[in-house]
Structures are given as structure tokens and as C-alpha cells.
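Keep the sequence and the model side by side as you read. We start with contacts along the chain, then walk through the sheet and its side chains.

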Amino acid sequence: MEILRDKYGKPQGTIREIAGGQERLYDRAGHAIATYHSNTNYTYDNNGGRVGSGNRLPGLVQGEE
């Protein structure tokens with residue numbers, strides 16, 4: 001588990017490993033935001049839309065300035 005923090009050290013989100021080596025980004029309230037699929041090397045949003053290649057989860061956290 002990786003906790004993502006803003007420049008003041010305040011938690012903004014969490015990345016957790018899930019089944020099959022995938023990683024999922026959760027916001028501060030615990031809602032899933034996006035998933036990184038290591039087998040395809042793509043990041044997808046909750047609607048199944050491709051966000052981009054590679055692991056884009058850290059860049060999707062809201063509240064970072």
C-alpha cells in the first residue's frame with residue numbers, strides 16, 4: 001500500500017495492489033478512481049476508459065498542487 005500525500009503531507013489517496021498484480025487508486029473517502037493493469041501496461045478509469053499507457057495512478061490524485 002502506498003499513501004499519496006500533497007506538498008503539506010496531507011493524505012490525498014491510496015494505491016493498493018489487488019488481484020492479478022493490478023493496482024487500484026482510491027481517494028481520501030475510499031472510493032476507487034482508476035486501475036492500472038500491469039499485464040497490458042495501461043491505466044483505466046472506473047468507466048473502463050483508457051487513461052494512458054504505463055502506471056498513471058499517482059498523477060490522478062485530486063488535491064495535489
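In the protein chain, residues 24 or more positions apart account for 16% of the contacts with a separation of 6 or more. Contact here means heavy atoms within 4.5 Å. This is a predicted model, in which local features need pLDDT of at least 70 and side-chain atom pairs count only at pLDDT 80 or more, while totals for chains, interfaces and linings use all residues. Residues are numbered from 1 along each chain as its sequence is written, and side-chain values use heavy atoms, with hydrogens and water left out.

Now the overall build. The protein chain has six strands and zero helices. Both kinds of element are DSSP runs, numbered from the N terminus: helices are H or I with at least four residues, strands are E with at least two. Read from the N terminus, the order is β-β-β-β-β-β. The C-alpha atoms fill a box of roughly 35 × 20 × 20 Å along the principal axes. The radius of gyration of the protein chain is 11 Å, which agrees with the value near 11 Å for a compact globule of 65 residues. That radius is taken over C-alpha atoms, and the globule rule is 2.2 Å times the number of residues to the power 0.38. Of the 65 residues, 28% count as buried. Buried means under 20% relative accessible area, exposed means over 50%, and partly exposed lies in between (1.4 Å probe, protein chains only).

Next, the sheet. The six strands form an open sheet with antiparallel pairing, in the order β1-β2-β3-β4-β5-β6. Its edge strands are β1 (2-5) and β6 (50-53), each pairing on one side only. Neighbouring strands are turned by 20° against each other on average, direction ignored. For such angles, axes are lines fitted to C-alpha atoms, for helices over the stretch in contact, and values run from 0 to 180 degrees between N-to-C directions. Two strands pair if DSSP finds at least two bridges between them. Strands of a sheet pair through backbone hydrogen bonds, either parallel or antiparallel.

β1 and β2 are antiparallel over four bridges. Here I3 stands opposite T14 in β2. Five residues separate the two strands of this hairpin, and G9 in the turn has a positive phi of about 90°.

β2 (residues 11-17) then pairs with β3 (residues 23-27) over five bridges, again in the antiparallel sense. G13 has D27 as its bridge partner, R16 has R24, and E17 has E23. This hairpin has five residues between its strands, and G20 takes a positive phi near 75°.

E23 also links onward: its bridge partner in β4 is Y36. β3 and β4 pair in the antiparallel sense over four bridges. Their hairpin has four residues between the strands, and G30 takes a positive phi near 90°.

What sets N41 apart in its backbone? N41 has a positive phi of about 60° although it is not a glycine. Most residues other than glycine have a negative phi, and most peptide bonds are trans. N41 lies in the loop between β4 (32-37) and β5 (42-45). N41 is partly exposed, at 38% relative accessible area.

Now look at the side chains around Y42. The chain has one aromatic pair. The rings of Y42 and Y44 form an edge-to-face pair, because their centres are 6.4 Å apart and their planes stand at 65°. By the rule, rings of Phe, Tyr and Trp (its six-membered ring) pair if their centres lie within 6.5 Å; planes under 30 degrees apart count as stacked, over 60 as edge-to-face and the rest as tilted. Y42 is partly exposed, with a relative accessible area of 27%.

The charged end of R50 sits 3.9 Å from the ring centre. Such a charge is NZ of Lys or CZ of Arg, within 6 Å of the ring centre and within 35 degrees of the ring normal. R16 lies likewise over the face of Y26, at 5.2 Å from the ring centre.

Finish in β6, where G52 is placed. Is G52 buried or exposed? At 13% relative accessibility, G52 counts as buried. Leaving out residues up to four places away in sequence, G52 touches Y42 and T43. G52 and Y36 are 16 residues apart in sequence, and their C-alpha atoms are 9.6 Å apart in space.
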